[in-house]
Amino acid sequence: MEHFVAVLELAGTVAFAASGALTAMKKKMDLLGILVLAVITAVGGGILRDLILGVTPPLAFRNPRNVLVAVGTALLLFLPFLRHRLMHNQRRFDAAMLLLDSLGLGVFTVMGIWNALQFDPDRSSFLLVFVGVLTGVGGGVVRDVLAGDTPYIFVKHIYACASLAGAVSMTALRGVLPIYASTLLSAVLVFVIRLLSAHFRWNLPRVRNL
């Protein structure tokens, strides 16, 4: 079970760190900016979750594994071959960002709930859903703010709603299915909703032409 959680968290960390690094490269930041955005995207949501749950210092500061993975991911993408391949083709860049962001969103949504349950299995469903969504979208919001963009969750195809669906799914299924099954199914649900919403251009209603 521990290996399952570790692999899932590693996949989410790499995905979000890569999306942060690519965003920094698109903004023509230097290597330090690339590393900062990679790390904050990968661990920012978890730090916010831990602060809400009263876990201090946050887990990211107790064990630097995820920070080191994020740094390694950013350095790998900074290599000229990979950097040029992704940055000089807009369609490839957009596809990479969609896949990475969707994977990270799904993984960290369920990992937020997973970690909350480890500290207190009797937490309310409302709190579990809240910290799941916060963990899923938190790092991306901080990334976008630091990059000078409107946060993804406010302008892009169904994003926070996909995280919400996954959080509700895991909270509802954890008493019905084994925890690893509800975790994996809910992460996949978020990922699929994000891909479908991008493909079919699903969006929430918005105000236009005021």
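Let's start with one residue in this predicted model: Trp202 is partly exposed, with a relative accessibility of 39%. From there we will visit the aromatic pairs, the nonpolar cores and a pocket.

**Aromatic rings**

- How many aromatic pairs does a search of the whole structure find? The search turns up three.
- One of them joins Phe16 and Phe108, which are stacked with 5.5 Å from centre to centre and 0° between the planes.
- Phe16 belongs to helix 1 (residues 2-26) and Phe108 to helix 6 (residues 90-119), so this pair ties together parts that lie 92 residues apart in sequence.
- Phe200 is partly exposed, with a relative accessible area of 48%.
- A charged side chain also meets a ring here: Arg83 lies over the face of Phe78, 4.7 Å from the ring centre.

**Nonpolar cores**

- In soluble globular proteins, nonpolar side chains tend to be buried together.
- The largest nonpolar core here holds 28 residues, and the members that touch the most others are Leu105, Met111, Ile113, Tyr159 and Ala162.
- Two or more residues of this core come from each of helix 1, helix 6, helix 7 (125-146), helix 9 (160-173) and helix 10 (179-200).
- Which helix gives the most to this core? Helix 6 does, with nine residues.
- Leaving aside residues up to four places away in sequence, Met111 touches Val5, Leu8, Glu9 and Arg49.
- A second, separate core has 23 residues, including Ala42, Ala70, Ala74 and Met97.

**A pocket to look for**

- Rolling a probe the size of a water molecule over the atoms shows where empty space is left.
- The second largest pocket has a volume of about 400 Å³.
- Its lining is made of 21 residues, and those nearest the centre of the pocket are Glu9, Leu59, Arg65, Asn66 and Asn115.
- Which helix supplies the largest share of the lining of the second largest pocket? Helix 2 supplies it, with six residues.
- At least two lining residues come from each of helix 1, helix 2 (31-53), helix 3 (59-62), helix 4 (65-77) and helix 6.

Methods
Residues numbered from 1 in each chain as written. Predicted model: local features only at pLDDT ≥ 70, side-chain atom pairs only at ≥ 80, totals over all residues. Heavy atoms only, no water. Phe/Tyr/Trp six-rings, centres within 6.5 Å; stacked < 30°, edge-to-face > 60°. Helix = DSSP H or I, 4+ residues; strand = E, 2+ residues; numbered from the N terminus. Buried < 20%, exposed > 50% of the residue type's maximum accessible area, 1.4 Å probe, protein only. Lys NZ or Arg CZ within 6 Å of the ring centre and 35° of its normal. Core = buried A, V, L, I, M, F, W, Y, C linked by side-chain atoms within 4.5 Å. Contact = heavy atoms within 4.5 Å. 1 Å grid on protein atoms, 1.4 Å probe; cavity = no way out; pocket = protein on both sides within 12 Å on 5 of 7 lines; lining within 4 Å. Points joined across faces, edges and corners; volume = space filled by probe spheres on them.
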